[in-house]
Amino acid sequence: YHYNTSPAIKSTCNPFSPLVSNQSSSSSVFLRPVSAPAIRAFCSKSDAMSSAQNSDSVSHLTQREAAEIDETLMGPLGFSVDQLMELAGLSVATSIAEAYKASEYDRVLAICGPGNNGGDGLVAARQLYHFGYKPFVCYPKRTQKPLYTGLVTQLESLSIPFLSVEDLPLDFSKDFDIIVDAMFGFSFHGTPRPPFDDLIKRLLCLHGYDQTRQKRPVIVSVDIPSGWHVEEGDIGDEGIKPDMLVSLTAPKLCAKKFSGPHHFLGGRFVPPVIAHKYKLRLPPYPGTSMCVRIGKAPSVDISALRENYISPEFLEEQVESDPINQFRKWFDDAIAAGLREPNAMALSTVGKDGKPSSRMVLLKGVDRDGFVWYTNYESRKACELCENPHASLLFYWDGLNRQVRVEGSVEKVSDEESEQYFHSRPRGSQIGAIVSKQSSVIPGRHVLYQQYKELEEKFSDWSLIPKPEFWGGYRLKPELFEFWQGQTSRLHDRLQYSPQEINGKRDGNFLVLLKKVLLCWKCEASINKTPQPIKRVLMMI
Ligand SMILES: NC(=O)C1=CN([C@@H]2O[C@H](COP(=O)(O)OP(=O)(O)OC[C@H]3O[C@@H](n4cnc5c(N)ncnc54)[C@H](O)[C@@H]3O)[C@@H](O)[C@H]2O)[C@@H](O)CC1
Ligand SMILES: [K+]
């Protein structure tokens, strides 16, 4: 940053005022997705968007432009350096957390330089601590301004170790999993002076491990790979080759030469006036994320993708005796955890040809009578249910490492029930249900749009939209429940509820039957301590 506001910007006339007052019309053009397919709107994680981003279509800044933007943000636009540094450091930390999970890469060394790039590194170290990483900080040329001394105090209060250059091992390969390079940003000139020259050499040594295929720490550069020319990049191909670059505000020209696997953009604070003035094309940030991936996602070895689930044990003693209550309990947990669409479930059906088919549908009700969803009665699933009224539902709650399977027989809900639900939906969805002839081939999207428009006009008087005959609900009456809780090393917990016959008979009412089973279980358990209806299976998957 350049803290001294330049005289031009200090003047009482705000050069941005016309745009500030009229942001939505002109400036928003430049903040539109650069190459956004419709699907992007539905992604909440920037990783999920990666394939859609094209780094060539994102703007790159010269060194002068970067400095000017900095001055403008902290001049007429009223930002403070503390604010921007906090947001930048948080963006760096969230980018790291997206690419390198704390469960595998927890030991982080943040090497911080004397300027604001170093300040970003100090903030990132603190945020990473709160994300579950173990940061260490090397901050050899400290700046004695209150902002920086405050950041140091904050880190010390978290007992984050500060290591001097002499304390650091010559070979970084064994002691750290991630090195955050926060030495120099866009104000770097010339060649690095001590002690940073030596620290950069130690980072360069790590590349030697690439040939030997031994594990080495990954290098994450903040804004600029330190030692690189801000515009020309790695002149002479002798500089560090970071694995990840987190560009801040907008990538600088040198980022065009970055070829590592992870390029992220952070600093979600660029106001449209800035974007407009510098004709910036920047990718949209997904959801509430502080970072967004730019460029291609690295190619992954699918066979190597695995999570080591860390969850509390799920024991027989903890479960509800009634599986519906157990389901509700886990469903409430999914809601409380803020999971998106926890009512999304995979519905699997099998027609008379014996071939299964699955699709996601939304659960719209669950009670003692079963699990309800609505659909088109002429769709493929409806045809298959007509031929074979047995189905399986699967809920997967990522983030909680939980899965629930429910299997049973399916029947249509009453017309009144479908009618009632149909009219509770937004009018747009009601019209959509009429227009959408599910599982049929149509000449093109325009047909749907046309019909939708016509019906929208027809019902613009807010008259009742009649439920079409072919639309309604189904109810699955459960015959089996299985609750799965992922555990470390694939030793997952699976608890199953299944009805048992009592005296050779199955009661017509499944839930009564379950209660009988549970009564039976209680009495069995008191005799031989073997819980019968609830089976615990440790599976190697
Ligand atoms: N909008 C913005 O402009 C933002 C900027 N931020 C950060 O601020 C950085 C720019 O910060 P600064 O302008 O403070 O500059 P830098 O952090 O890039 O570095 C400047 C410092 O490095 C020293 N230095 C320069 N060349 C050197 C050399 N060859 N050898 C040794 N020391 C050298 C200077 O004396 C000065 O102390 C950005 O790269 C970014 O990380 C972010 O915090 C947030 C937003
Ligand atoms: K850097």
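On this tour, contact means heavy atoms within 4.5 Å. What you have open is a predicted model, where local features need pLDDT of at least 70 and side-chain atom pairs count only at pLDDT 80 or more, while totals for chains, interfaces and linings use all residues. Residues are numbered from 1 along each chain as its sequence is written, and side-chain values use heavy atoms, with hydrogens and water left out.

**Stop 1: Gln326.** Select Gln326 in helix H12, residues 323-336 (helices are DSSP runs of H or I, at least four residues, and strands are runs of E, at least two, numbered from the N terminus). Which residues does Gln326 touch, not counting those up to four places away in sequence? Show Phe314, Gln318, Val319, Glu320, Phe483 and Tyr497. Gln326 has a relative accessible area of 1%, so it counts as buried (under 20%; exposed is over 50% and partly exposed is in between, with a 1.4 Å probe and protein chains only). Its side chain also reaches the backbone nitrogen of Glu320 at 2.9 Å.

**Stop 2: Asp234.** Now hop to the loop between strand S4 (218-222) and strand S5 (244-248), where you'll find Asp234. Asp234 is buried too, because its relative accessible area is 16%. Its side chain reaches the backbone nitrogen of Gly239 at 2.7 Å.

**Stop 3: Val300.** Finally, pick Val300, in the loop between strand S7 (291-294) and H12. Is Val300 buried or exposed? With a relative accessible area of 54%, Val300 is exposed.

Technical notes
Chains are lettered from A and ligands numbered from 1 in the order in which they are written. A polar contact is a pair of N or O atoms within 3.5 Å; within protein, one must be able to donate a hydrogen and the other to accept it, and residues adjacent in sequence count only if both atoms are side-chain atoms.
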